[in-house]
Amino acid sequence: MNSAHKAGPVKIAVRSDNFHLWRGRKDRLASKIIGLGGFVVIAAVLLILFYLIYVVTPLFLSAKMSRTVLTDNPAWLKSETSFLALEEQQQVAFRITENGSAEFFRLNGLELLESTEIVSGGRNVAVAMGAQGDSGLVAVAFEDGMVSLLQNQYSTDFSAGVELRKIIPKLDFPYGSGQRELMPGGGITGLALSDNEKELVLAVAGTGGRVRFERSLKREDFLSGEVSLEISVSALDVAFEIVAITISNDHRWLYLGDESGRIHFISTANMEVIQVVQVSDTIITSMNMLLGGISVLAGDADGNVTQLFPVRGGGNQYSLKEIRRFEGQQAAVTRIVPEQRRKGFMTVDADDNLTIFHSTAGKVVLTEKLSGQPAALALAPRASGLLVLYGDSPAEFMDIDNEHPEVSFASLWSKVWYENYSGPEYVWQSSASSNEFEPKFSLTPLAFGTLKAALYAMLFALPLALMGAAYTAYFMSPALRRMVKPAIEIMAALPTVILGFLAGLWFAPFLEENLAGVLSMMLVMPAGLLLFAWFWTRAAQSARNLVKEGWEPVLLLPVLVVLGFVSLEFVGPLQDMFFKGDLRTWLSHEAGISYDQRNAMVVGCAMGFAVIPTIFSIAEDAIYGVPKSLSDGSLALGATSWQTLVRVILPTASPGMFSAVMIGLGRAVGETMIVLMATGNTPIMDWNLFEGMRTLAANIAVEMPESAMNSSHYRILFLAALVLFMFTFVVNTGAELIRQRLREKYSSL
Amino acid sequence: MKALAKWIADGTPWVWLNAAAVSASILLVAGLLLLIGVRGMGHFWPLEVQRIVYQQADGSELVLAGQIREEEKVTASRLRESGLEVAEGTEFVTRYLLKTGNRDVIGQDFRWILEPSIISTGKPQSMVVFEREEWGVFIGLLIGVREAGQLLEDADVWGSFQNRLDHANELRDEIRDLEKSRIGRVNYRLERLRLKQRGLEIKGRDDAAALAEIESNRIVLQKEYEALEQELGDLYTRLRSDAVIVTTVDGQELELPMSSIVDAHRPNQMNLVGKLGYFFHNVWKFIAHDPREANTEGGIFPAIFGTVLMVLLMSVFVTPLGVVAAVYLKEYARQGLFTRFIRIAVNNLAGVPSIVYGVFGLGFFVYTLGGSLDRLFYPEALPAPTFGTGGLFWASLTLALLTLPVVIVSTEEGLSRIPRSIREGSLALGATRWETLWRTVLPMASPGIMTGMILAVARAAGEVAPLMLVGVVKLAPSLPLDGNAPFLHLDRKFMHLGFHIYDVGFQSPNVEAARPLVYATALLLVVVIVLLNLVAIQVRNRLSERYRGLES
């Protein structure tokens, strides 16, 4: 800077025009680049917003279906189909014909790959039914009452490269190729099959209300690893015609549907009817289990589908409850096909309408008119493809684009009755070990936890920050103010991970030990302070001269320390008197208030600490910026300085203070590390000060690293981030607008 | 009484309460810093080892040795509830948390002991605290040293132990050098060869000549590797040949291989100077060494290194962008609706929760951009992601976005302090706007820019939530900067001080043992951040003083 003054005799160099041209060009280029800089900031905000929206949108897009008509049915496909299945890659299908052959065929060109007669002798199939999930196990009941078990399996041949991989089908008889006679004399109308590691269960229904239930315990030989079956059969005869039969996956319950719209809930342990539930005024036309084998889906002649499952009541008694009813079909439900990986299902009605539902979301995902009443239909394991056979007319293949059926506004924000729960609840439980798990994506407990944490934080922070700001801006001596402001800045700069760590590992145990002491501080401190202040004003002038006006906070520092110490040390006798020795134990034993070590109070204090500087700085700026003329006028009229502050200064600065509070709230809502470390992170809904919570932000931090890209879970976490973004966006934009308005107002005064 | 009424009517009590709010805030900050300071320093201070004869619940006597870590008063009723016998009439019992070490012998590191049950205490001069590679510390007595299987007949056991320990440490340094840099380099080159071959295969250019060249290179490297492996084996044999014979305080004799011992000291023989020396020795070890035992022991060097590197990289991104945006707002843009929008955008960037940046960084940078980069430039490594997973580069970019408003606001403040007359003078002399900006305004505003950078660095150093999603790990196998070309590995995952605190404090299996280390890490982080902020405040104050004269 000094060089300008030191310059000696001035030399004027004449530069060429080119040089000035170049200067001009450089200047214009710089203007453009710098102009871009402003856009970049806006672009960054918009990019974040639109990227979040871009990821979230597919959750709310409706499902789509596109259909391909396959080539004309070849001769081998003319026979009636009893059972149809599709493998994972949607290249090969498996069917069982009415005359008892098992056939594998390629969808592309409808080429028959393999055909096997299940039992020699050309007997006709009565019913065939697959097991739940994707084991590929199928039970085939013949008209003479014999049942065969077989399995369609697939392996992939990669020898020609990943692109040209070939699916190699294989027919297997895992429980031997022999048959079992389940219903001597024949007349099987319905069949249910369930297989797990411990036992294999078959149930058949026959004409005249006959039910046979076969349980085969699996015994594995330790040496050879061979499995042998120990079979027991029980029978039940009912007084009605059975139209549908299913069993639960835990093999405890058997469900029978009858012609008058009732479902009979039967315990398999003693074959006793526990309960009869009327689900429809008309006949039950179709029944199936939802994935997981807990819920029964029953369709009736009016086109309604009802979901039911057993609910455990008092005394370990189960009762079958109607959970929800799906309306969407117009005519009688002819088929119910559950998805194999999700809690969705598909129905076909007598008017040839195909409808896809999702049970947890309780909604119709898609409706499509088929070309006719299907003769057979198979859903691919990932529910992304559907093969429909129509008998004479050409078969069709449907591509289904249905990625996120489990998400609806209701499933995110309302109470949902989940399987194995005794009633509708708000639950967040995103994943479990089992495939058959019903994901519970209720954002309500998380939003609740976020608000709870923010509320307690504001309760702690607001009085300290606003009162401190008022004092600092209006009463404090300038010299002290120059020291206090940096201290508050340091407070703002402290990383939240450190606050969270201290809150979780130091403050939480400390609070548990000294609960009564800390609570009593809230009373002792203000009272003690006022008492001190009163005696201070009565004290001798010489003593008071030690502390100049505007330096009171320094005087109060030791007072606060002493008061804090007093509250912590002398609360013991009071506790003995009122709370039988220990407030903490009294709370949980006598008052019935549960106490977690890492609770809302810990979070409130730690997060309050984090937002104090934010609120303090902005509020202090607003109060400090109030023009001096206003307070001078008020004081000249005889108001005390407190009256001036309350009646003149604060009303003028109140928009600024409001925006300070809003920005503080925005910070508390989005804070992650403190809540992550200082609470137990359990998503419960309870305002209890002594229990924890899980917030949206902490939930993202906990679950994001484990969620698979583009899964529903991933997108819902993005939705949570979008909610946080929108909340702070609104709050910050509002606060900034208020502050801009205020600045204009001050400058006009 | 009248005076009291007037005192209240004036509103003076409220003024006092407001003053108290300021005091309380200051007290909270000071208390917190003090707490971290004391506890953090405590981690490095060599505590004396107490020998305690202790009466157990069944009446038998137990001899313990350990360092007293905590002391607290518990109500007798609480102890009775948990099944301990406390003499009638006592209301409070003092109990100590004793760090006994010797986890491999007694199965636990820490135990609470009750004051009334202590029969006697003492501080034998010869107690030694051994720091070990695993199983935590060993506290006991040194009996003898074995060199190459031979018991040393030396009167000064401690001296010969120190001697052998130095020797072992030298060997350990050699091993570390061999493993980390030389073997690491060969492994890195082998991996590059594999990727090269895979790349040729994908492009269909894997003809015989190219493959033969790769193979011959591989054979050379394999040979080199085998030679190094041999050397390493020799070093390990030499390291493992020494051992020390020790006894626990109750007389159990053990032989510890020298290779397992990192350090040892005799706290009861140290005077204040010795302790102070050992304190700084510990501080150095903490800063310069790698962590041991799932991060609960040893140093935090990789975390410091990762934090610094990430923050530097972030500054490279954020400074130009922030300065340009601020210059646009202050110098170039016409103040109007558009600049208002930009200001709102800046405020929003500052207010958006940091975890949202993490989510955005993971989705946009890592999965979208990184995934595309992998497909375009690193197809040979797929399906293992190169940039399609969190790493140093994406973490720096995410934090650059997060700290952008800090730089903008601070630079703007710096620019607004510069009097108008200076710009007008420059323009009047015929300088273009760019020349005015580059030659006069920016140099004068540089303290403001510096402040912004420092504050951004301080913010980034303490931020954890977004980093958890975009590339921080609890233990990185190698540093992101090493001797293998291209030296700076932007795709590598890294360690971070803030995440270290979270991870060790909350995810580690032995929280009790790790707690002092967490306090020490927190102390380091707080010191760095407070210092950075103080410097920023100083620079800013200097700036405002400097131009006060010019404004009038």
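Leaving out residues up to four places away in sequence, A:Val125 is in contact with A:Ser82, A:Ile96, A:Glu98, A:Gly100, A:Val140 and A:Phe142. Keep in mind that this is a predicted model. A:Val125 sits in strand 6 of chain A. Is A:Val125 buried or exposed? It's buried, because 23 other C-beta atoms lie within 10 Å and the cut-off for that label is 20 or more. One pair is worth a look on screen: A:Val125 and A:Asn99 are 26 residues apart along the chain, with their C-alpha atoms separated by 6.0 Å.

Now for another residue of that strand. A:Val127 belongs to strand 6, which covers residues 125-130 of chain A. A:Val127 is buried too, with 20 other C-beta atoms within 10 Å, so this residue meets the threshold of 20 or more. With neighbours up to four places away in sequence set aside, A:Val127 touches A:Ala141, A:Ile188, A:Gly190 and A:Leu191.

Next, the strand pairings. Strand 7 of chain A (residues 137-142) pairs with strand 8 (residues 146-157) in the antiparallel sense, over five bridges. Within that pairing, A:Ala139 has A:Leu149 in strand 8 as its bridge partner. The two strands make a hairpin with three residues between them, and A:Gly145 in the turn has a positive phi of about 90 degrees.

Strand 8 of chain A also has other partners. Seven bridges join it to strand 9 (residues 166-172), and the two run antiparallel. Here A:Gln151 has A:Asp172 in strand 9 as its bridge partner. Strand 8 pairs with strand 10 (residues 180-181) as well, antiparallel over two bridges. Which residue of strand 10 is the bridge partner of A:Met146? That would be A:Glu181.

The largest nonpolar core holds 215 residues, and the members touching the most others are A:Ala457, A:Val603, A:Ala606, A:Ile615, A:Ala619, A:Ile674 and A:Ala721. Helix 4 of chain A (residues 444-474) gives this core its largest share, 19 residues. There's a second, separate core of 92 residues, which includes A:Met289, A:Leu320, A:Val348 and A:Leu389. Back in the largest core, A:Ala619 is one of the members with the most contacts to other members. Beyond its neighbours within four places in sequence, A:Ala619 is in contact with A:Ala465, A:Leu466, A:Ala469, A:Gly656, A:Met657 and A:Ala660.

| Chain | Property | Value |
|---|---|---|
| Chain A | Secondary structure | 17 helices and 31 strands |
| Chain B | Secondary structure | 17 helices and 13 strands |
| Chain A | C-alpha box along the principal axes | roughly 120 × 95 × 55 Å |
| Chain B | C-alpha box along the principal axes | roughly 105 × 90 × 45 Å |
| Chain A | Buried residues | 44% of 749 residues |
| Chain B | Buried residues | 36% of 552 residues |

As for overall shape, chain A has a radius of gyration of 37 Å, whereas a compact globule of 749 residues would come in near 27 Å.

In chain A, 59% of the contacts between residues at least 6 apart in sequence join residues at least 24 apart. In chain B, residues 24 or more positions apart account for 70% of the contacts with a separation of 6 or more.

Chain B is divided into domain 1 (50-120), domain 2 (150-240) and domain 3 (301-551). How far apart do the C-alpha centres of domain 1 and domain 2 of chain B lie? They are 49 Å apart.

Finally, the interface: 81 residues of chain B are in contact with 86 residues of chain A. On the chain B side, the largest share comes from helix 2 (residues 12-42), with 20 residues. By class, that side has 59 nonpolar, 17 polar and five charged residues.

Note on methods. Residues numbered from 1 in each chain as written. Chains lettered and ligands numbered in written order. Predicted model: local features only at pLDDT ≥ 70, side-chain atom pairs only at ≥ 80, totals over all residues. Helix = DSSP H or I, 4+ residues; strand = E, 2+ residues; numbered from the N terminus. Buried ≥ 20, exposed ≤ 12 C-beta atoms within 10 Å, placed from the backbone. Contact = placed C-beta atoms within 7 Å. Core = buried A, V, L, I, M, F, W, Y, C linked by C-beta atoms within 7 Å. Pairing = 2+ DSSP bridges. Nonpolar A, V, L, I, M, F, W, Y, C, P; charged D, E, K, R; others polar. Rg over C-alpha atoms; globule rule 2.2 N^0.38 Å. Domains from an automatic or database assignment.
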